[in-house]
Amino acid sequence: MTIRTQLTHLSENGIRTKVFIPLLKALGAFATEDFQGPFEKGKDVYFAYKDLFGEHKHCCFFIKIGDIKKSGKNDIRKMKEPIEEAVVREFTSPLDNKSSVHIEEFYFVCSGKINQDARDYICELLRKKQMPNFRIYDVDRFINLIEELIDEYNPLLQREYLFLTSTFGNYCEKVVEYLEKSKSNLRPPNISPNRRGRDGESIL
């Protein structure tokens, strides 16, 4: 089956645990955590990353299955309250398990397509809630991310992996292991402690 067919056949729980969480970890996200449950506060998956200044950005995935429109079963207007809750309510940071934080980047993601009316509704809703940092990703975006990940790491891992939802988590674990090993092999520059800089200052 194609990647698209496999993704569209997954349940919300399946795509969250078998695809999204492993993918985030392989892309380098910190503290990726499944928030699904009675205390999720609109956030299905939490993750963080470091910006250019080394500060962690608190992010979340809001996940829906199927095509999202402004009508029918998956009417975007039915999702208004949990979306608002995700961006407004404080929660305890998984990074230190004590700080009260808010979501700084919000990702509306789904396993189908999102039509323009639904996209416009999400944009207007989040801007009213003063959430300027958000992304709307449909199945095409995740197909691209998965293909790019596999194309990049198959040569590095010396594998000929083909995407399967049942094995993708394990493949992403191998990517994470490779990245951690690569970091551990980095060596600091060989600078002599006696080397002097401008005006006789030691270079540390």
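Is asparagine 154 buried or exposed? At 12% relative accessibility, asparagine 154 counts as buried, because the cut-off for that label is under 20%. Keep in mind that this is a predicted model.

**Helix 5 against helix 6**
- Helix 5 spans residues 139–157 and helix 6 spans residues 168–184; their axes lie 11 Å apart, at an angle of about 55°.
- The two helices are therefore oblique to each other.
- The crossing of helix 5 over helix 6 is left-handed.
- On the helix 5 side, the contact is made by Ile146, Leu149, Ile150, Tyr153, Asn154, Leu156 and Leu157.
- Helix 6 contributes Phe168, Tyr171, Cys172, Lys174, Val175, Tyr178 and Leu179.
- Sorted by class, this contact has 12 nonpolar residues, 1 polar and 1 charged.

**Asparagine 154**
- Asparagine 154 sits in helix 5, and is among the residues that make the contact with helix 6.
- Setting aside neighbours within four places in sequence, asparagine 154 touches Arg159, Glu160, Tyr161 and Tyr171.
- Of these partners, Tyr171 is also listed on the helix 6 side of the contact.

**Cysteines**
- The disulfide count comes to 0.
- Cysteine 60 is buried, with a relative accessible area of 0%.
- Cysteine 172, one of the helix 6 contact residues, is buried too, with a relative accessible area of 2%.

Key:
Residues numbered from 1 in each chain as written. Predicted model: local features only at pLDDT ≥ 70, side-chain atom pairs only at ≥ 80, totals over all residues. Heavy atoms only, no water. Axes fitted to C-alpha atoms, helices over the stretch in contact; angles between N-to-C directions. Helix = DSSP H or I, 4+ residues; strand = E, 2+ residues; numbered from the N terminus. Parallel < 35°, antiparallel > 145°, perpendicular 65-115°, else oblique. Left-handed = near helix turned anticlockwise from the far one by under 90°. Contact = heavy atoms within 4.5 Å. Nonpolar A, V, L, I, M, F, W, Y, C, P; charged D, E, K, R; others polar. Disulfide = S-S within 2.5 Å. Buried < 20%, exposed > 50% of the residue type's maximum accessible area, 1.4 Å probe, protein only.
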